[in-house]
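Subject: Structure handover and findings

Hello,

Here is the structure I promised you. Please open it beside this email and follow along.

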Amino acid sequence: MRKLAAGNWKMNGTAAALAEIAALNARYDSAPVDILICPPATLLSRASDTAGPAIATGGQDCHAAHSGAHTGDIAPDMLKDAGASYVILGHSERRTDHGETDATVRVKTVSALNTGLTPVVCVGETEAERDAGQTLDVIRSQLAGSLPDGLDGAQIVVAYEPVWAIGTGRVPTHDQIEEVHNLMRAELVARFGDSAAETRLLYGGSVKPGNAAEIFALSNVDGALVGGASLKADDFAGIIDALAQA
Ligand code: PEP
């Protein structure tokens, strides 16, 4: 499987930020890993035009419907039309800020797949859940609820993002990351069969150029979902290069 370095720009970036994508494009004619940038929707079309052949673009969310009376929402078809090939779904900020549930994420995942987008489905425990010893149960339950039946594992990407590690500079121990990633692989194989060996499992939460290599050395870590460190081409390139060498 090709590993994946995915950048989530969240609600950051105006036209000037396209220079960062241009810089990545200049650096990677082709790359031994897949590279993805998910800019704000306002930049998606221009980001797709700027990105070049080695860099894919994606949305940060989509509606489950393909069109209709949903003011402010974006259909997966619109993301695709703007050049996207991926969409992040169920990020903890969507779950917290917009009340998204596993069921919401599941219907969006179906819709994204039907539109030809690769969903990057996010799961992760809160700090309180980890402290209560519930991490593995939370991950099992989010995977079970957020993914539809009958998937081909190669069609989806799953990101493990402990909520308490996002944007905080705090990272789980290597054992904690491996424990969750090994569990996710086993759960996916049990549900979707051998094809789940092809599901890219990303770790996300305060990944930086300085800690990327040690995270990418862990079992069942097939890449990263990166927030803050994806905003600057030089930082993101440090992570991409670490993944390429893993
Ligand atoms: C994220 O938003 O998905 C994320 C992992 O953010 P950061 O890398 O900034 O922790």
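Where is the place of Asn-8? Asn-8 sits in strand 1, which covers residues 4-8. Keep in mind that this is a predicted model.

Asn-8 has a relative accessible area of 5%. The cut-off for buried is under 20%, so Asn-8 counts as buried. The side chain of Asn-8 reaches the backbone nitrogen of Lys-10 at 3.0 Å.

**The ligand**

How many residues surround the ligand? There are 14, and the closest are Lys-10, Glu-161, Gly-167, Ser-206 and Gly-227.

- Lys-10 has a polar side-chain atom 2.6 Å from an oxygen atom of the ligand.
- Glu-161 has an N or O atom in its side chain 2.7 Å from an oxygen atom of the ligand.
- His-91 has a polar side-chain atom 3.0 Å from an oxygen atom of the ligand.

On its own, the ligand has 290 Å² of accessible area. The protein covers 97% of that.

**The cores**

Now hide the ligand. In soluble globular proteins, nonpolar side chains tend to be buried together. In this model, the largest nonpolar core has 63 residues. Leu-24, Leu-147, Val-158 and Met-184 have the most contacts inside that core. Helix 10, residues 233-245, gives the most to this core, with seven residues.

Take Val-158 as your example. Not counting residues up to four places away in sequence, Val-158 touches several residues, among them Val-121, Leu-143, Leu-147, Met-184 and Leu-202. Thr-199 and Arg-200 are also touched by Val-158. A second, separate core has 13 residues, including Ala-56, Tyr-86, Val-120 and Val-157.

**Helix 5**

Next, find helix 5, residues 102-115. Does its length agree or disagree with what its 14 residues should span? At 1.5 Å a residue, helix 5 should span 20 Å. The end C-alpha atoms of helix 5 are 20 Å apart, so the two agree. Gly-116 follows helix 5, and the phi of Gly-116 is positive, near 90°.

The buried residues of helix 5 are Asp-102, Val-105, Lys-108, Thr-109, Ser-111, Ala-112, Leu-113 and Thr-115. What covers them includes helix 3 (76-81), strand 4 (86-89), helix 4 (92-97), strand 5 (118-123) and helix 7 (135-146).

Is Arg-130 buried or exposed? Arg-130 lies in helix 6, residues 127-131. The relative accessible area of Arg-130 is 16%. Buried means under 20%, so Arg-130 is buried. The side chains of Arg-130 and Tyr-160 are joined by a polar contact of 3.3 Å. Beyond four places in sequence, Arg-130 touches Glu-125, Thr-135, Tyr-160, Trp-164, Gln-176 and Val-180.

Lys-208 is in the loop between strand 7 (200-204) and helix 9 (209-216). With a relative accessible area of 37%, Lys-208 is partly exposed. Not counting residues up to four places away in sequence, Lys-208 touches Ala-229 and Ile-239. Lys-208 and Ile-239 are 31 residues apart along the chain, yet their C-alpha atoms are separated by 6.6 Å.

Best wishes

Technical notes
Residues are numbered from 1 along each chain as its sequence is written. This is a predicted model: local features need pLDDT of at least 70, side-chain atom pairs count only at pLDDT 80 or more; totals for chains, interfaces and linings use all residues. Side-chain values use heavy atoms; hydrogens and water are left out. Helices (H or I, at least four residues) and strands (E, at least two) are DSSP runs, numbered from the N terminus. The expected span of a helix is 1.5 Å times one less than its number of residues. Buried means under 20% relative accessible area, exposed over 50%, partly exposed in between (1.4 Å probe, protein chains only). Contact means heavy atoms within 4.5 Å. A nonpolar core is a set of buried Ala, Val, Leu, Ile, Met, Phe, Trp, Tyr and Cys residues joined through side-chain atoms within 4.5 Å. A polar contact is a pair of N or O atoms within 3.5 Å; within protein, one must be able to donate a hydrogen and the other to accept it, and residues adjacent in sequence count only if both atoms are side-chain atoms. A residue is near a molecule or strand if one of its heavy atoms lies within 4 Å of it. Accessible areas come from the Shrake-Rupley method with a 1.4 Å probe; for residues, only the protein chains shown count as cover.
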